[in-house]
Every structure is written in structure tokens, then in C-alpha cells.
Amino acid sequence: LSEPQSHDPTSTIDLCEQINKKLKLQNLHFFKQDLEKLKTDNAYDLVVSIDVIEHIRNNAKVIGNFYNALKKGGHLIVRIPLREQHRIFNRKYLQNIEHWSEKEHPGHIYSAKEFVELLRQKGFTIADVKITDGFLGQLVFEVQEILLNHYKKKFLLGAMLPLLKII
């Protein structure tokens with residue numbers, strides 16, 4: 001999915017499997033797979049992709065693979081960063097985000113209009129489009145990043161994080 005040192009997909013899968021063991025749902029499965037090579041057809045009722053698409057270079061192909069993997073009447077829920085997102089604070093405080101974002105997001109970053117059009121081109125019918133984070137979500141993300149990267153006293157971040165997440 002991305003650079004090994006920044007996200008560890010194995011630990012994510014392990015965590016999901018642990019949750020599933022506690023829930024004991026027989027029809028819920030987690031697996032690690034290259035989404036560009038996904039060859040499953042007509043198999044799933046629901047595909048959920050949260051902050052994944054931007055990490056995949058050929059993400060338009062992945063959207064097509066999702067469409068093929070869904071059963072007739074199946075649903076795709078996607079969350080992606082959009083090109084329309086603007087920084088609130090001066091970029092000098094967010095240089096680490098800019099560098100990280102370029103490295104972590106090799107896939108095309110879409111505008112909302114472009115992404116909806118891509119979904120339609122791949123065969124999807126659009127049921128709903130929502131911009132979820134908005135100003136407050138962006139504010140929380142940027143304040144968190146500024147605290148992480150510009151303050152040596154990590155206890156400040158520890159004290160602020162719960163408050164930021166409530167916002």
C-alpha cells in the first residue's frame with residue numbers, strides 16, 4: 001500500500017482479525033492483496049476503502065477492480081483526500097506534511113468532480129457524495145501535525161490529542 005516504515009498493512013490485518021475473533025462474525029473476512037491485481041468477480045456485497053486509493057499509483061484500475069468484485073446491487077464506500085482540500089496554516093509549519101504527502105500518495109489525487117466521473121466511467125451509479133472532514137477536520141489534522149513536528153515536548157501533543165479528536 002505504501003512505504004513499509006510508515007504503514008504496516010500486516011499489523012492492520014492482524015488487528016482486524018483480532019476484532020473479528022471477538023465479534024465472531026462468520027461472513028466477515030480480512031485479507032491482504034494487491035488491489036491492482038484483484039481478479040475477483042461478483043463476490044462482495046460491500047467494498048469499503050478508507051484512505052487507500054491515493055496510495056496506489058494505478059488507482060483508476062483499482063476502482064474498476066472494485067466494480068467487478070461487487071455483486072449486482074453491491075455498494076462501494078470510499079473516502080479519499082480531495083484536491084480541493086486547502087491548508088489552513090502557513091505552509092512553512094506544514095512542510096513535513098507536504099513532503100510526506102507527495103511520498104505517500106503516488107496515485108492520482110482527484111477533485112470531487114473528477115472522482116465522481118471516474119466512478120461513473122467504471123460503471124458505478126452514484127448514490128451519495130459527501131465531503132466529510134471539512135474545515136474542522138482539516139484544522140484538527142494540521143494542529144496535530146504542527147504539534148508532532150514543531151514541539152519537542154510530546155506531552156503537549158498527548159494532552160491536546162483527545163481534545164482535538166473531540167472537535
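Which residues form a nonpolar patch on the surface? Ile88, Phe89, Tyr93, Phe135 and Leu136 form it, with about 460 Å² of accessible area together. The model is predicted: local features need pLDDT of at least 70, side-chain atom pairs count only at pLDDT 80 or more, and totals for chains, interfaces and linings use all residues. Residues are numbered from 1 along each chain as its sequence is written, and side-chain values use heavy atoms, with hydrogens and water left out.

**View 1. The nonpolar surface patch around Phe135.**
Patches consist of residues with over 30% relative accessible area and no salt bridge; like charges are joined within 9 Å, and nonpolar side chains (Val, Leu, Ile, Met, Phe, Trp, Tyr) within 5 Å. Accessible areas come from the Shrake-Rupley method with a 1.4 Å probe, and for residues only the protein chains shown count as cover. Phe135, a member of the patch, sits in helix H5 (residues 134-150). Phe135 counts as exposed because its relative accessibility is 56%; the classes are buried under 20% relative accessible area, exposed over 50%, and partly exposed in between (1.4 Å probe, protein chains only).

**View 2. The whole chain, with six helices and two strands.**
Helices (H or I, at least four residues) and strands (E, at least two) are DSSP runs numbered from the N terminus. In that direction the elements follow the order α-β-α-β-α-α-α-α. The protein has 167 residues, of which 28% count as buried. Its accessible surface comes to about 11900 Å², and 56% of this belongs to carbon and sulfur atoms. Contact means heavy atoms within 4.5 Å. Of the contacts between residues at least 6 apart in sequence, 75% join residues at least 24 apart.

**View 3. The loop between H1 and E1, with Lys24 and Asn42.**
Lys24 lies in this loop, which runs between helix H1 (9-23) and strand E1 (44-50). Phi of Lys24 is near 55°, a positive value in a residue other than glycine. Asn42, in the loop between H1 and E1, also has a positive phi, of about 50°, although it is not a glycine. Lys24 is exposed at a relative accessible area of 64%, and Asn42 is exposed at 51%.

**View 4. The largest nonpolar core.**
A nonpolar core is a set of buried Ala, Val, Leu, Ile, Met, Phe, Trp, Tyr and Cys residues joined through side-chain atoms within 4.5 Å. The largest one has 19 residues, and Ile63, Phe66 and Phe115 have the most contacts inside it. Helix H2 (59-69) and helix H4 (112-121) each supply at least two residues of this core. Not counting residues up to four places away in sequence, Phe115 touches Ile63, Val78, Ile80 and Tyr110. Leu118, also in helix H4, is buried at 7% relative accessibility. With neighbours within four places in sequence set aside, Leu118 is in contact with Ala60, Ile63 and Tyr110. The C-alpha atoms of Leu118 and Gly64 are separated by 9.1 Å, and the two residues are 54 apart along the chain.

**View 5. Asn65 in helix H2.**
The buried residues of H2 are Asn59, Val62, Ile63, Gly64, Asn65, Phe66 and Ala69. They pack against E1, strand E2 (70-79) and H4. Asn65 is buried, with a relative accessible area of 9%. A polar atom of the Asn65 side chain lies 2.8 Å from the backbone oxygen of Leu35. Beyond four places in sequence, Asn65 is in contact with Leu35, Glu36, Lys37 and Leu38.

**View 6. Salt bridges, of which the structure holds four.**
Side chains of opposite charge can pair when their charged atoms come close. A salt bridge here is a side-chain nitrogen of Lys or Arg within 4 Å of a carboxyl oxygen of Asp or Glu. Asp45 and Lys71 form one, with their closest N and O atoms 3.7 Å apart. Asp45 lies in strand E1 and Lys71 in strand E2, so the pair ties together parts that are 26 residues apart in sequence. Asp45 is exposed at 52% relative accessibility, whereas Lys71 is partly exposed at 34%. Arg79 and Asp51 form another (3.2 Å, N to O). This pair links distant parts of the chain, with Arg79 in strand E2 and Asp51 in the loop between E1 and H2, 28 residues apart.

How values were computed: A polar contact is a pair of N or O atoms within 3.5 Å; within protein, one must be able to donate a hydrogen and the other to accept it, and residues adjacent in sequence count only if both atoms are side-chain atoms.
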